[in-house]
Amino acid sequence: PKSGAPGRVAGLVYENRTRRPIAGVIVRMVSTEPEYEVERIDARTDSAGYYEFARVEPGSWRLGIVSDRLPARYAPPRSSRLVTVSKRDSIAVPAFELRPTACVRGHAAWSDGYVLDEAAVTIAPYDSTQFSATARMDGLGDFHACNAPEDSVMVWMHLRDGRSYGRSVRLDNGAERRVEFKPDPLERMEGCLLRVLPVLNDGTPVPRAQVTMVGRRFEQGDRPALVFVREQVADADGVAEFHVPFGVFEILVANPREGQTGRVERMVVDADQVGAQPLRIELHGTTTVAERARMRSELLDRAETYLYVWAQ
């Protein structure tokens with residue numbers, strides 16, 4: 001419904017380092033009032049980097065940059081602004097500061113010499129309010145990306161077996177950087193066999209228990225950083241085996257039939273552990289399907305967070 005007394009919202013968009021205004025950027029306001037139909041209104045910055053929404057109905061709005069309409073030389077911010085407009089209000093929004101983009105080129109091959117193709121790549125910025133950039137290895141094991149924020153500091157390569165390897169690299173506008181990856185195949189990876197044994201508090205094994213595992217390891221010299229994610233269902237005897245790299249792990253185990261759960265919050269796997277390592281995890285309590293889904297989601301979200309936190 002129209003109030004008859006709309007407000008006004010205005011602001012600036014400029015380059016963060018030079019403070020130079022950026023023209024032609026599409027800024028969008030999206031209404032967030034739950035009882036009303038969603039409304040979207042757009043404005044474009046002028047040569048001074050200025051945009052204005054002259055007639056904005058009172059209420060709550062989300063304000064952000066339309067990333068797919070942004071000039072390629074700038075990286076879009078991942079965060080938006082919440083704006084509450086009152087009748088006949090006039091709001092000056094803090095400026096959006098956009099970062100120029102930079103280029104990175106790389107190559108990956110297995111340690112036995114075979115080309116590693118089709119692996120996904122994430123380029124993580126220092127400023128976590130910025131979007132990461134993505135790329136993919138081609139058939140020769142090469143990738144090239146020029147849409148990364150200029151303050152990017154980590155390049156991550158993601159393998160299908162749950163491993164993500166990271167190299168620190170400081171990108172800069174106008175200077176291309178190069179990174180190389182040479183991972184071992186999973187069966188030759190430095191690590192150990194971890195045998196997870198879910199049991200109830202009376203020692204009864206839990207068949208078909210759901211196991212979610214997240215690990216991480218810092219970059220050290222020539223050894224890249226690592227984030228490891230793996231999910232598996234225990235067999236009929238209540239055993240789940242994982243070939244895991246050296247690092248620090250968090251584990252969540254759930255009984256999908258009766259709702260018990262068990263956790264390991266910090267387990268170190270290092271070179272002192274040789275052969276198959278048994279890990280007995282006791283499940284207790286009861287949880288709903290929704291609660292177990294939330295616990296699993298929180299653990300998996302932490303793996304994604306590591307790609308940013310370690311870059312800082």
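The numbered points below go through the sheets, the disulfide, the cores and several individual residues of this predicted model.

1. The open sheet. Four strands make up an open sheet, in the order S3-S2-S5-S7, and their pairing is antiparallel. Its edges are strand S3 (40-44) and strand S7 (81-85), each of which pairs on one side only. Taken without regard to direction, neighbouring strands of this sheet are turned by 25° against each other on average. Within the sheet, strand S5 (residues 59-65) and S7 pair in the antiparallel sense over five bridges, and leucine 63 is found opposite arginine 81 in S7.

2. The S20-S21 hairpin. Strand S20 (residues 247-254) and strand S21 (residues 261-269) run antiparallel and are joined by seven bridges, with isoleucine 251 standing opposite valine 264 in S21. The two strands form a hairpin with six residues between them, and in the turn glycine 259 has a positive phi of about 95°.

3. Beyond residues up to four places away in sequence, asparagine 255 touches Leu200, Val206, Gln260, Leu283 and Arg292.

4. The disulfide. The count of disulfides comes to one, and the bond joins cysteine 103 to cysteine 146 with an S to S distance of 1.9 Å. The pair links distant parts of the chain, since cysteine 103 is in strand S9 (residues 96-108) and cysteine 146 in strand S12 (residues 142-149), 43 residues apart. The link of cysteine 103 and cysteine 146 is right-handed, with 115° about the S-S bond. Cysteine 146 has a relative accessible area of 33% and is therefore partly exposed, whereas cysteine 192, at 4% relative accessibility, counts as buried.

5. The nonpolar cores. The largest nonpolar core has 46 residues, of which Ile123, Val155, Met157, Val196, Met213, Val244 and Ile251 touch the most other members. For valine 244, the residues touched, not counting those up to four places away in sequence, are Met189, Glu190, Gly191, Cys192, Leu194, Met213, Phe228, Phe249 and Val269. A second, separate core of 22 residues includes Met29, Ile65, Val93 and Leu98. Isoleucine 251, listed above for its contacts within the largest core, is also the residue that stands opposite valine 264 in S21.

6. Serine 152. This residue lies in strand S13 (residues 152-158) and is buried, with a relative accessible area of 0%. The side chain of serine 152 reaches the backbone oxygen of proline 149 at 2.7 Å. Apart from residues up to four places away in sequence, serine 152 touches Ile123, Ala124, Pro125, Tyr126, Val169, Arg170 and Leu171; Ile123 is also one of the residues named for touching the most other members of the largest nonpolar core.

7. Glutamate 118 has a phi near 70°, a positive value in a residue other than glycine, and its place is in the loop between S9 and strand S10 (120-125). Arginine 208 likewise has a positive phi, of about 60°, although it is not a glycine, and it is found in the loop between S16 and strand S17 (210-217). As for accessibility, glutamate 118 is partly exposed, with a relative accessible area of 38%, and arginine 208 counts as partly exposed at 44% relative accessibility.

8. Lysine 182. Is lysine 182 buried or exposed? At 61% relative accessibility it counts as exposed, because the value is over 50%. Lysine 182 lies in the loop between strand S15 (177-181) and strand S16 (191-199). Leaving aside its neighbours within four places in sequence, lysine 182 is in contact with Ala109, Trp110 and Ser111. The C-alpha atoms of lysine 182 and valine 66 are separated by 37 Å, and the two residues are 116 residues apart along the chain.

Notes
Residues are numbered from 1 along each chain as its sequence is written. This is a predicted model: local features need pLDDT of at least 70, side-chain atom pairs count only at pLDDT 80 or more; totals for chains, interfaces and linings use all residues. Side-chain values use heavy atoms; hydrogens and water are left out. Buried means under 20% relative accessible area, exposed over 50%, partly exposed in between (1.4 Å probe, protein chains only). Contact means heavy atoms within 4.5 Å. A polar contact is a pair of N or O atoms within 3.5 Å; within protein, one must be able to donate a hydrogen and the other to accept it, and residues adjacent in sequence count only if both atoms are side-chain atoms. A disulfide is a pair of cysteine sulfur atoms within 2.5 Å. Two strands pair if DSSP finds at least two bridges between them. Axes are lines fitted to C-alpha atoms, for helices over the stretch in contact, and angles run from 0 to 180 degrees between N-to-C directions. A nonpolar core is a set of buried Ala, Val, Leu, Ile, Met, Phe, Trp, Tyr and Cys residues joined through side-chain atoms within 4.5 Å.
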